[in-house]
Amino acid sequence: MGERTEIPANEIDNQKNIMQRVLEVSLARPEQPFAYIDTYGCQQNESDSEKLRGMLAEMGYAFTADEFQADIIVINTCAIRENAENRVFGNIGALVHTKKAKPSQIIAFCGCMAAVPETVEKVRQSYKHVDLMFSPNVLWRFPELLHRALNERGRIFETAANEGAIAEGLPAHRDGTVKAWLPIMYGCDNYCSYCIVPYVRGRERSREPEAILAEAQGLINDGFKDITLLGQNVNSYGTGLSEKTNFASLIRRINEIEGEFLIRFMTSHPKDAGFELFKAMAESEKAAHHIHLPFQAGNDRILGLMNRGYTHEQYLEKIITARELIPDLVITSDVIVGFPGETEAEFEDTLKLVEKAQFDAMFTFLYSKRPGTPAAELEDKTPRNIKQERFDRLLALQNAISDEKHTKYIGKSVRVLVDGQSHDERYPVNARTNGGRLVHLSGAEALIGRFVNAKITHCNSWSLFGVSQEGENA
(Lines give C-alpha, C1' and ligand atoms only; values in the text may rest on other atoms or scores of the structure.)
Protein backbone atom coordinates (compact mmCIF):
# COMPACT_ATOMS: atom_id res chain seq x y z
CA MET A 1 0.00 0.00 0.00
CA GLY A 2 1.47 3.31 -1.06
CA GLU A 3 1.33 6.36 1.17
CA ARG A 4 -2.09 7.96 0.87
CA THR A 5 -1.92 11.57 -0.27
CA GLU A 6 -4.75 13.96 -1.03
CA ILE A 7 -4.47 16.81 -3.49
CA PRO A 8 -4.58 20.03 -1.39
CA ALA A 9 -7.79 22.05 -1.60
CA ASN A 10 -5.94 25.07 -2.97
CA GLU A 11 -4.73 23.04 -5.97
CA ILE A 12 -8.29 21.87 -6.69
CA ASP A 13 -9.41 25.50 -6.35
CA ASN A 14 -6.76 26.47 -8.90
CA GLN A 15 -8.24 23.98 -11.37
CA LYS A 16 -11.69 25.47 -10.71
CA ASN A 17 -10.32 28.95 -11.39
CA ILE A 18 -8.94 27.72 -14.70
CA MET A 19 -12.36 26.21 -15.50
CA GLN A 20 -13.84 29.66 -14.97
CA ARG A 21 -11.32 31.25 -17.33
CA VAL A 22 -12.05 28.68 -20.04
CA LEU A 23 -15.78 29.19 -19.46
CA GLU A 24 -15.42 32.91 -20.08
CA VAL A 25 -13.71 32.18 -23.40
CA SER A 26 -16.42 29.66 -24.30
CA LEU A 27 -19.18 32.17 -23.55
CA ALA A 28 -17.47 34.77 -25.73
CA ARG A 29 -17.51 32.47 -28.75
CA PRO A 30 -20.25 33.00 -31.37
CA GLU A 31 -21.36 29.36 -30.89
CA GLN A 32 -21.16 27.03 -27.90
CA PRO A 33 -18.20 24.61 -28.19
CA PHE A 34 -18.82 20.86 -28.27
CA ALA A 35 -16.95 17.93 -26.71
CA TYR A 36 -16.96 14.27 -27.66
CA ILE A 37 -15.71 11.64 -25.18
CA ASP A 38 -15.02 8.08 -26.32
CA THR A 39 -14.54 5.65 -23.42
CA TYR A 40 -12.99 2.17 -23.47
CA GLY A 41 -12.57 -0.44 -20.77
CA CYS A 42 -13.75 -0.81 -17.22
CA GLN A 43 -16.23 0.99 -14.99
CA GLN A 44 -13.40 3.03 -13.47
CA ASN A 45 -12.78 4.50 -16.91
CA GLU A 46 -16.50 5.25 -17.19
CA SER A 47 -16.29 7.06 -13.86
CA ASP A 48 -13.22 8.98 -15.03
CA SER A 49 -15.12 10.04 -18.14
CA GLU A 50 -17.94 11.33 -15.95
CA LYS A 51 -15.41 13.60 -14.26
CA LEU A 52 -14.03 14.72 -17.62
CA ARG A 53 -17.58 15.56 -18.74
CA GLY A 54 -18.18 17.38 -15.46
CA MET A 55 -15.13 19.56 -15.94
CA LEU A 56 -15.95 20.19 -19.59
CA ALA A 57 -19.51 21.19 -18.70
CA GLU A 58 -18.12 23.65 -16.14
CA MET A 59 -15.95 25.07 -18.92
CA GLY A 60 -18.95 25.74 -21.15
CA TYR A 61 -18.89 22.71 -23.41
CA ALA A 62 -21.96 20.86 -24.63
CA PHE A 63 -21.68 17.21 -25.71
CA THR A 64 -21.99 15.58 -29.09
CA ALA A 65 -21.64 12.11 -30.60
CA ASP A 66 -20.35 13.60 -33.87
CA GLU A 67 -16.55 13.70 -34.06
CA PHE A 68 -16.68 16.26 -36.88
CA GLN A 69 -18.81 18.65 -34.78
CA ALA A 70 -16.58 18.37 -31.72
CA ASP A 71 -14.16 21.13 -30.75
CA ILE A 72 -12.44 18.70 -28.41
CA ILE A 73 -12.27 14.92 -28.65
CA VAL A 74 -11.15 12.93 -25.60
CA ILE A 75 -10.24 9.26 -26.05
CA ASN A 76 -10.23 7.55 -22.64
CA THR A 77 -8.35 4.30 -23.18
CA CYS A 78 -7.91 0.81 -21.71
CA ALA A 79 -4.63 -1.13 -21.61
CA ILE A 80 -5.92 -4.46 -20.29
CA ARG A 81 -6.01 -6.37 -23.60
CA GLU A 82 -4.39 -6.04 -26.99
CA ASN A 83 -7.73 -6.01 -28.85
CA ALA A 84 -8.81 -2.88 -26.94
CA GLU A 85 -5.52 -1.16 -27.78
CA ASN A 86 -5.87 -2.02 -31.46
CA ARG A 87 -9.37 -0.53 -31.54
CA VAL A 88 -8.08 2.65 -29.90
CA PHE A 89 -5.26 3.07 -32.41
CA GLY A 90 -7.66 2.44 -35.29
CA ASN A 91 -10.06 5.08 -34.06
CA ILE A 92 -7.31 7.56 -33.21
CA GLY A 93 -5.90 7.14 -36.70
CA ALA A 94 -9.30 7.90 -38.24
CA LEU A 95 -9.43 11.22 -36.38
CA VAL A 96 -6.86 12.65 -38.76
CA HIS A 97 -9.88 13.33 -41.00
CA THR A 98 -11.80 15.29 -38.34
CA LYS A 99 -8.68 17.29 -37.54
CA LYS A 100 -8.24 18.09 -41.22
CA ALA A 101 -11.86 19.24 -41.47
CA LYS A 102 -11.52 21.36 -38.30
CA PRO A 103 -7.85 22.31 -37.70
CA SER A 104 -8.66 24.03 -34.40
CA GLN A 105 -9.99 20.77 -32.96
CA ILE A 106 -8.16 19.50 -29.84
CA ILE A 107 -7.60 15.73 -29.72
CA ALA A 108 -6.77 14.38 -26.26
CA PHE A 109 -5.59 10.85 -25.41
CA CYS A 110 -5.93 9.69 -21.79
CA GLY A 111 -6.66 6.60 -19.71
CA CYS A 112 -4.43 3.62 -18.93
CA MET A 113 -2.73 3.46 -22.33
CA ALA A 114 -1.45 6.99 -21.74
CA ALA A 115 0.74 5.71 -18.89
CA VAL A 116 2.43 2.95 -20.92
CA PRO A 117 5.82 4.24 -22.15
CA GLU A 118 5.72 2.28 -25.42
CA THR A 119 2.28 3.70 -26.21
CA VAL A 120 3.33 7.24 -25.36
CA GLU A 121 6.25 7.01 -27.77
CA LYS A 122 4.05 5.49 -30.49
CA VAL A 123 1.57 8.36 -30.18
CA ARG A 124 4.37 10.90 -30.10
CA GLN A 125 5.93 9.56 -33.30
CA SER A 126 3.01 8.22 -35.35
CA TYR A 127 -0.13 10.11 -34.31
CA LYS A 128 0.97 13.71 -34.55
CA HIS A 129 -2.59 15.00 -34.77
CA VAL A 130 -2.95 14.14 -31.04
CA ASP A 131 -2.51 17.43 -29.17
CA LEU A 132 -2.71 16.32 -25.55
CA MET A 133 -1.87 13.08 -23.75
CA PHE A 134 -2.19 12.53 -20.00
CA SER A 135 -2.16 9.57 -17.63
CA PRO A 136 -5.01 8.63 -15.22
CA ASN A 137 -3.29 9.99 -12.14
CA VAL A 138 -3.20 13.56 -13.48
CA LEU A 139 -6.83 13.58 -14.66
CA TRP A 140 -7.62 16.13 -11.93
CA ARG A 141 -5.38 18.59 -13.80
CA PHE A 142 -7.45 18.34 -17.00
CA PRO A 143 -8.62 22.01 -16.91
CA GLU A 144 -5.02 23.21 -16.69
CA LEU A 145 -3.91 20.86 -19.47
CA LEU A 146 -6.79 21.85 -21.74
CA HIS A 147 -6.13 25.54 -21.09
CA ARG A 148 -2.52 25.02 -22.14
CA ALA A 149 -3.58 23.09 -25.26
CA LEU A 150 -5.90 25.94 -26.24
CA ASN A 151 -3.32 28.66 -25.69
CA GLU A 152 0.15 27.23 -26.31
CA ARG A 153 1.91 26.06 -29.43
CA GLY A 154 3.13 22.48 -29.47
CA ARG A 155 1.87 19.19 -28.09
CA ILE A 156 1.45 18.44 -24.39
CA PHE A 157 2.43 15.13 -22.78
CA GLU A 158 1.82 14.55 -19.05
CA THR A 159 2.22 10.79 -18.97
CA ALA A 160 4.28 9.82 -15.93
CA ALA A 161 2.86 6.69 -14.28
CA ASN A 162 3.22 8.10 -10.75
CA GLU A 163 1.76 6.72 -7.54
CA GLY A 164 -1.25 8.98 -7.78
CA ALA A 165 -3.30 10.68 -5.11
CA ILE A 166 -6.90 11.36 -4.08
CA ALA A 167 -8.52 14.38 -5.71
CA GLU A 168 -11.81 15.38 -4.05
CA GLY A 169 -14.24 18.04 -5.19
CA LEU A 170 -14.16 17.48 -8.95
CA PRO A 171 -17.50 17.88 -10.75
CA ALA A 172 -19.08 14.89 -12.49
CA HIS A 173 -21.55 14.76 -15.36
CA ARG A 174 -23.50 11.48 -15.42
CA ASP A 175 -25.39 10.51 -18.55
CA GLY A 176 -28.18 8.58 -16.87
CA THR A 177 -30.49 9.18 -13.94
CA VAL A 178 -30.79 5.67 -12.49
CA LYS A 179 -27.31 4.09 -12.26
CA ALA A 180 -24.22 5.76 -10.82
CA TRP A 181 -20.57 4.80 -10.39
CA LEU A 182 -19.06 5.76 -7.03
CA PRO A 183 -15.27 5.28 -6.73
CA ILE A 184 -14.15 4.37 -3.22
CA MET A 185 -10.47 3.76 -3.97
CA TYR A 186 -7.92 3.93 -6.76
CA GLY A 187 -4.94 1.86 -7.85
CA CYS A 188 -3.97 -1.71 -7.05
CA ASP A 189 -1.39 -3.48 -4.87
CA ASN A 190 -1.97 -7.04 -6.08
CA TYR A 191 0.41 -7.16 -9.05
CA CYS A 192 -1.20 -10.14 -10.76
CA SER A 193 1.52 -11.23 -13.17
CA TYR A 194 -0.58 -10.69 -16.31
CA CYS A 195 -2.02 -7.27 -15.40
CA ILE A 196 -0.76 -3.81 -16.33
CA VAL A 197 -3.13 -1.87 -14.03
CA PRO A 198 -0.82 -1.40 -10.99
CA TYR A 199 1.84 0.04 -13.27
CA VAL A 200 -0.46 2.61 -14.88
CA ARG A 201 -2.83 3.51 -12.01
CA GLY A 202 -0.41 3.34 -9.09
CA ARG A 203 -0.69 1.83 -5.62
CA GLU A 204 -3.93 1.42 -3.68
CA ARG A 205 -5.30 4.51 -1.99
CA SER A 206 -8.72 4.77 -0.34
CA ARG A 207 -11.04 7.74 -0.15
CA GLU A 208 -12.11 8.88 3.31
CA PRO A 209 -15.43 7.24 4.30
CA GLU A 210 -17.03 10.64 5.01
CA ALA A 211 -16.36 11.75 1.41
CA ILE A 212 -17.86 8.54 0.06
CA LEU A 213 -20.92 8.77 2.31
CA ALA A 214 -21.48 12.40 1.32
CA GLU A 215 -21.30 11.53 -2.37
CA ALA A 216 -23.63 8.56 -1.87
CA GLN A 217 -26.12 10.80 -0.05
CA GLY A 218 -25.95 13.30 -2.91
CA LEU A 219 -26.60 10.58 -5.49
CA ILE A 220 -29.59 9.30 -3.56
CA ASN A 221 -30.93 12.84 -3.16
CA ASP A 222 -30.63 13.20 -6.94
CA GLY A 223 -32.75 10.10 -7.47
CA PHE A 224 -30.15 7.48 -8.38
CA LYS A 225 -31.34 3.99 -7.45
CA ASP A 226 -28.44 1.72 -8.46
CA ILE A 227 -25.08 2.75 -6.96
CA THR A 228 -21.96 0.75 -7.80
CA LEU A 229 -18.94 1.17 -5.52
CA LEU A 230 -15.76 1.02 -7.58
CA GLY A 231 -12.20 -0.09 -6.94
CA GLN A 232 -9.65 -2.40 -8.52
CA ASN A 233 -10.01 -4.46 -5.32
CA VAL A 234 -12.82 -3.08 -3.17
CA ASN A 235 -12.19 -5.73 -0.51
CA SER A 236 -8.96 -4.02 0.57
CA TYR A 237 -10.73 -0.68 1.07
CA GLY A 238 -9.61 1.19 4.19
CA THR A 239 -5.97 0.15 4.34
CA GLY A 240 -3.85 3.23 4.93
CA LEU A 241 -6.66 5.43 6.27
CA SER A 242 -6.27 7.07 9.66
CA GLU A 243 -9.77 5.89 10.62
CA LYS A 244 -9.95 2.14 11.23
CA THR A 245 -12.49 0.91 8.70
CA ASN A 246 -12.99 -1.72 6.01
CA PHE A 247 -15.22 -2.51 3.08
CA ALA A 248 -17.82 -4.45 5.05
CA SER A 249 -18.34 -1.53 7.43
CA LEU A 250 -18.58 0.89 4.48
CA ILE A 251 -21.40 -1.18 2.99
CA ARG A 252 -23.21 -1.14 6.35
CA ARG A 253 -22.86 2.65 6.65
CA ILE A 254 -24.15 3.31 3.12
CA ASN A 255 -27.00 0.90 3.83
CA GLU A 256 -28.10 3.17 6.71
CA ILE A 257 -28.78 6.09 4.35
CA GLU A 258 -32.52 6.61 3.95
CA GLY A 259 -34.05 5.88 0.55
CA GLU A 260 -34.87 3.10 -1.89
CA PHE A 261 -31.72 2.07 -3.70
CA LEU A 262 -29.33 -0.81 -4.32
CA ILE A 263 -25.66 -1.03 -3.39
CA ARG A 264 -23.50 -2.89 -5.88
CA PHE A 265 -19.71 -3.12 -6.06
CA MET A 266 -16.84 -4.29 -8.19
CA THR A 267 -14.36 -5.72 -8.38
CA SER A 268 -13.74 -8.20 -5.56
CA HIS A 269 -10.48 -10.12 -5.23
CA PRO A 270 -11.03 -13.66 -3.89
CA LYS A 271 -7.99 -13.54 -1.60
CA ASP A 272 -9.60 -10.67 0.37
CA ALA A 273 -13.31 -11.54 0.09
CA GLY A 274 -14.56 -13.49 3.07
CA PHE A 275 -17.05 -14.06 5.86
CA GLU A 276 -17.18 -10.46 7.09
CA LEU A 277 -18.06 -9.15 3.62
CA PHE A 278 -20.64 -11.85 2.93
CA LYS A 279 -22.26 -11.29 6.34
CA ALA A 280 -22.48 -7.53 5.70
CA MET A 281 -24.15 -8.23 2.35
CA ALA A 282 -26.60 -10.64 3.97
CA GLU A 283 -27.51 -8.21 6.77
CA SER A 284 -27.74 -5.02 4.66
CA GLU A 285 -31.13 -5.00 2.98
CA LYS A 286 -29.97 -2.55 0.29
CA ALA A 287 -26.91 -4.59 -0.68
CA ALA A 288 -27.56 -6.39 -3.95
CA HIS A 289 -27.28 -10.17 -3.79
CA HIS A 290 -24.60 -10.29 -6.46
CA ILE A 291 -20.85 -10.60 -6.33
CA HIS A 292 -18.42 -10.56 -9.23
CA LEU A 293 -15.55 -12.74 -8.01
CA PRO A 294 -12.94 -13.40 -10.72
CA PHE A 295 -11.14 -16.74 -10.30
CA GLN A 296 -9.03 -16.47 -13.52
CA ALA A 297 -7.80 -20.09 -13.48
CA GLY A 298 -8.67 -23.37 -11.81
CA ASN A 299 -5.21 -24.87 -11.46
CA ASP A 300 -3.02 -24.12 -8.46
CA ARG A 301 0.25 -23.94 -10.40
CA ILE A 302 -1.24 -21.45 -12.85
CA LEU A 303 -2.80 -19.46 -10.00
CA GLY A 304 0.65 -19.29 -8.43
CA LEU A 305 2.21 -18.06 -11.67
CA MET A 306 -0.57 -15.48 -11.86
CA ASN A 307 0.21 -14.33 -8.30
CA ARG A 308 -3.44 -14.61 -7.32
CA GLY A 309 -2.95 -15.54 -3.65
CA TYR A 310 -5.45 -18.44 -3.32
CA THR A 311 -5.94 -22.02 -4.46
CA HIS A 312 -8.68 -23.87 -6.35
CA GLU A 313 -10.10 -25.25 -3.09
CA GLN A 314 -9.85 -21.96 -1.20
CA TYR A 315 -11.83 -20.23 -3.92
CA LEU A 316 -14.58 -22.86 -3.81
CA GLU A 317 -14.72 -22.63 0.00
CA LYS A 318 -15.47 -18.90 -0.32
CA ILE A 319 -18.26 -19.66 -2.79
CA ILE A 320 -19.77 -22.17 -0.34
CA THR A 321 -19.58 -19.69 2.56
CA ALA A 322 -21.14 -16.91 0.52
CA ARG A 323 -24.07 -19.09 -0.58
CA GLU A 324 -24.66 -20.35 2.96
CA LEU A 325 -25.09 -16.76 4.14
CA ILE A 326 -26.94 -15.54 1.01
CA PRO A 327 -28.84 -18.49 -0.53
CA ASP A 328 -30.07 -16.50 -3.56
CA LEU A 329 -26.65 -14.98 -4.28
CA VAL A 330 -25.83 -14.45 -7.96
CA ILE A 331 -22.13 -15.11 -8.61
CA THR A 332 -20.35 -14.06 -11.78
CA SER A 333 -16.68 -14.40 -12.59
CA ASP A 334 -13.79 -13.85 -15.00
CA VAL A 335 -11.42 -16.47 -16.38
CA ILE A 336 -8.34 -16.34 -18.59
CA VAL A 337 -7.75 -19.17 -21.06
CA GLY A 338 -4.29 -19.82 -22.45
CA PHE A 339 -2.05 -18.36 -19.75
CA PRO A 340 1.58 -19.05 -20.76
CA GLY A 341 2.45 -22.71 -20.19
CA GLU A 342 -1.06 -23.86 -19.28
CA THR A 343 -1.41 -27.56 -20.13
CA GLU A 344 -4.52 -29.51 -21.10
CA ALA A 345 -4.71 -31.08 -17.65
CA GLU A 346 -4.38 -27.66 -16.00
CA PHE A 347 -7.11 -26.27 -18.22
CA GLU A 348 -9.35 -29.16 -17.21
CA ASP A 349 -8.96 -27.99 -13.59
CA THR A 350 -10.62 -24.76 -14.75
CA LEU A 351 -13.51 -26.76 -16.22
CA LYS A 352 -13.85 -28.65 -12.92
CA LEU A 353 -13.99 -25.41 -10.95
CA VAL A 354 -16.69 -24.02 -13.23
CA GLU A 355 -18.71 -27.23 -12.84
CA LYS A 356 -18.50 -27.01 -9.05
CA ALA A 357 -18.99 -23.25 -8.71
CA GLN A 358 -22.04 -23.06 -10.99
CA PHE A 359 -21.64 -19.40 -11.90
CA ASP A 360 -24.68 -17.50 -13.12
CA ALA A 361 -22.54 -15.94 -15.82
CA MET A 362 -18.87 -15.72 -16.68
CA PHE A 363 -16.66 -13.46 -18.76
CA THR A 364 -14.04 -15.47 -20.63
CA PHE A 365 -10.87 -14.07 -22.18
CA LEU A 366 -7.94 -15.44 -24.11
CA TYR A 367 -4.68 -14.43 -22.45
CA SER A 368 -3.36 -11.14 -23.83
CA LYS A 369 0.36 -10.48 -23.44
CA ARG A 370 1.04 -7.14 -21.75
CA PRO A 371 4.60 -5.85 -22.17
CA GLY A 372 6.12 -4.84 -18.85
CA THR A 373 4.35 -7.53 -16.81
CA PRO A 374 6.07 -10.66 -15.40
CA ALA A 375 3.81 -13.00 -17.41
CA ALA A 376 5.07 -11.43 -20.65
CA GLU A 377 8.46 -13.04 -19.96
CA LEU A 378 7.05 -16.58 -19.61
CA GLU A 379 7.54 -19.12 -22.38
CA ASP A 380 4.32 -19.93 -24.22
CA LYS A 381 4.39 -22.84 -26.68
CA THR A 382 0.64 -23.54 -26.88
CA PRO A 383 -0.68 -22.83 -30.40
CA ARG A 384 -3.46 -20.27 -30.78
CA ASN A 385 -5.86 -22.87 -32.25
CA ILE A 386 -5.51 -25.06 -29.14
CA LYS A 387 -6.26 -22.08 -26.89
CA GLN A 388 -9.30 -21.23 -29.01
CA GLU A 389 -10.58 -24.80 -28.80
CA ARG A 390 -10.28 -24.71 -25.01
CA PHE A 391 -11.96 -21.32 -24.92
CA ASP A 392 -14.90 -22.70 -26.94
CA ARG A 393 -15.27 -25.72 -24.62
CA LEU A 394 -15.29 -23.47 -21.56
CA LEU A 395 -17.84 -21.15 -23.15
CA ALA A 396 -20.12 -24.08 -24.05
CA LEU A 397 -19.96 -25.35 -20.46
CA GLN A 398 -20.76 -21.97 -18.93
CA ASN A 399 -23.53 -21.26 -21.44
CA ALA A 400 -25.21 -24.55 -20.48
CA ILE A 401 -24.99 -23.63 -16.78
CA SER A 402 -26.31 -20.11 -17.43
CA ASP A 403 -29.17 -21.50 -19.53
CA GLU A 404 -30.13 -23.89 -16.73
CA LYS A 405 -30.01 -21.15 -14.09
CA HIS A 406 -31.94 -18.67 -16.20
CA THR A 407 -34.59 -21.26 -17.11
CA LYS A 408 -35.48 -21.48 -13.41
CA TYR A 409 -36.66 -17.84 -13.55
CA ILE A 410 -39.34 -18.60 -16.17
CA GLY A 411 -42.84 -18.19 -14.80
CA LYS A 412 -41.63 -16.38 -11.68
CA SER A 413 -42.36 -12.82 -10.65
CA VAL A 414 -39.18 -10.96 -9.71
CA ARG A 415 -38.51 -7.48 -8.42
CA VAL A 416 -36.46 -5.46 -10.90
CA LEU A 417 -35.16 -1.93 -11.28
CA VAL A 418 -36.04 -0.49 -14.69
CA ASP A 419 -32.88 1.34 -15.68
CA GLY A 420 -33.07 2.36 -19.34
CA GLN A 421 -34.47 2.16 -22.83
CA SER A 422 -33.67 -0.71 -25.19
CA HIS A 423 -33.37 -0.88 -28.96
CA ASP A 424 -36.01 -3.62 -29.28
CA GLU A 425 -39.60 -2.51 -29.93
CA ARG A 426 -40.89 -5.73 -28.39
CA TYR A 427 -39.08 -4.96 -25.13
CA PRO A 428 -38.90 -1.16 -24.86
CA VAL A 429 -37.02 -1.06 -21.56
CA ASN A 430 -34.21 -2.89 -19.80
CA ALA A 431 -34.12 -3.77 -16.12
CA ARG A 432 -31.91 -5.57 -13.62
CA THR A 433 -32.82 -8.05 -10.94
CA ASN A 434 -31.44 -7.60 -7.45
CA GLY A 435 -28.78 -10.11 -8.47
CA GLY A 436 -27.83 -8.08 -11.51
CA ARG A 437 -29.43 -10.27 -14.18
CA LEU A 438 -30.40 -8.28 -17.29
CA VAL A 439 -34.13 -8.35 -18.06
CA HIS A 440 -35.48 -7.20 -21.42
CA LEU A 441 -38.87 -5.92 -20.37
CA SER A 442 -42.18 -5.39 -22.10
CA GLY A 443 -43.24 -2.28 -20.23
CA ALA A 444 -43.69 1.45 -20.55
CA GLU A 445 -40.72 3.84 -20.66
CA ALA A 446 -42.45 5.76 -17.86
CA LEU A 447 -41.27 2.96 -15.55
CA ILE A 448 -37.58 3.89 -15.96
CA GLY A 449 -36.11 4.63 -12.55
CA ARG A 450 -38.63 2.53 -10.68
CA PHE A 451 -38.63 -0.83 -8.91
CA VAL A 452 -41.38 -2.99 -10.38
CA ASN A 453 -42.47 -6.62 -10.49
CA ALA A 454 -41.80 -8.48 -13.73
CA LYS A 455 -42.99 -11.90 -14.82
CA ILE A 456 -40.22 -13.77 -16.63
CA THR A 457 -41.42 -15.41 -19.84
CA HIS A 458 -38.25 -16.79 -21.45
CA CYS A 459 -34.47 -16.48 -21.41
CA ASN A 460 -31.15 -17.06 -23.10
CA SER A 461 -27.62 -17.57 -21.73
CA TRP A 462 -27.06 -13.88 -20.97
CA SER A 463 -30.43 -12.39 -20.15
CA LEU A 464 -34.05 -12.81 -19.17
CA PHE A 465 -37.19 -11.60 -20.95
CA GLY A 466 -40.32 -10.53 -19.13
CA VAL A 467 -43.48 -8.51 -18.87
CA SER A 468 -44.00 -5.70 -16.39
CA GLN A 469 -46.79 -6.49 -13.97
CA GLU A 470 -47.36 -2.81 -13.25
CA GLY A 471 -49.00 -0.22 -15.47
CA GLU A 472 -47.37 3.02 -16.57
CA ASN A 473 -48.66 4.90 -13.60
CA ALA A 474 -48.61 2.10 -11.05
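Two strands pair if DSSP finds at least two bridges between them. Helices (H or I, at least four residues) and strands (E, at least two) are DSSP runs, numbered from the N terminus. The model is predicted: local features need pLDDT of at least 70, side-chain atom pairs count only at pLDDT 80 or more, and totals for chains, interfaces and linings use all residues. Residues are numbered from 1 along each chain as its sequence is written, and side-chain values use heavy atoms, with hydrogens and water left out.

**View 1. The β12-β13-β14 sheet.** Three strands form an open sheet in the order β12-β13-β14, with parallel pairing. β12 (290-292) and β14 (361-366) stand at the edges, each with a single partner strand, so one side of each has no neighbour in the sheet. Strands of a sheet pair through backbone hydrogen bonds, either parallel or antiparallel.

**View 2. The β12-β13 pairing and helix α14.** β12 pairs with strand β13 (residues 330-337) in the parallel sense, over 3 bridges. His292 has Thr332 in β13 as its bridge partner. Helix α14 (residues 384-407) lies across β13 and β14. Relative to β14, α14 runs at about 175°.

**View 3. The Lys102-Asp71 salt bridge.** A salt bridge is a side-chain nitrogen of Lys or Arg within 4 Å of a carboxyl oxygen of Asp or Glu. Lys102 forms one with Asp71, and the closest N and O atoms are 3.5 Å apart. Lys102 lies in the loop between α4 (96-101) and β4 (106-111), Asp71 in the loop between β2 (62-63) and β3 (72-77), so the pair ties together parts that are 31 residues apart in sequence. Buried means under 20% relative accessible area, exposed over 50%, partly exposed in between (1.4 Å probe, protein chains only). Lys102 is partly exposed at 21%. Asp71 is buried at 11%.

**View 4. The Arg141-Glu158 salt bridge.** Arg141 and Glu158 form a salt bridge, with 3.5 Å between the closest N and O atoms. Arg141 sits in the loop between β5 (132-134) and α6 (142-151) and Glu158 in strand β6 (residues 156-158), so the pair ties together parts that are 17 residues apart in sequence. The relative accessible area of Arg141 is 16%, so Arg141 is buried. Glu158, at 22%, is partly exposed.

View 5. The closest N and O atoms of the salt bridge between Arg426 and Asp424 are 2.8 Å apart. Arg426 counts as exposed, at 61% relative accessibility. Asp424 is partly exposed at 24%. Elsewhere, salt bridges that share partners join Glu50, Glu168, Arg174, Arg207 and Glu215 into one network. The count of salt bridges comes to 31.

**View 6. The whole chain, for orientation.** The protein chain has 14 helices and 19 strands. Its radius of gyration, taken over C-alpha atoms, is 23 Å, close to the 23 Å from the globule rule (2.2 Å times the number of residues to the power 0.38) for 474 residues, so the chain is as compact as a globular protein of that length. The C-alpha trace spans about 60 × 60 × 50 Å along its principal axes. Of the 474 residues, 56% count as buried.

Methods:
Contact = heavy atoms within 4.5 Å. Axes fitted to C-alpha atoms, helices over the stretch in contact; angles between N-to-C directions.
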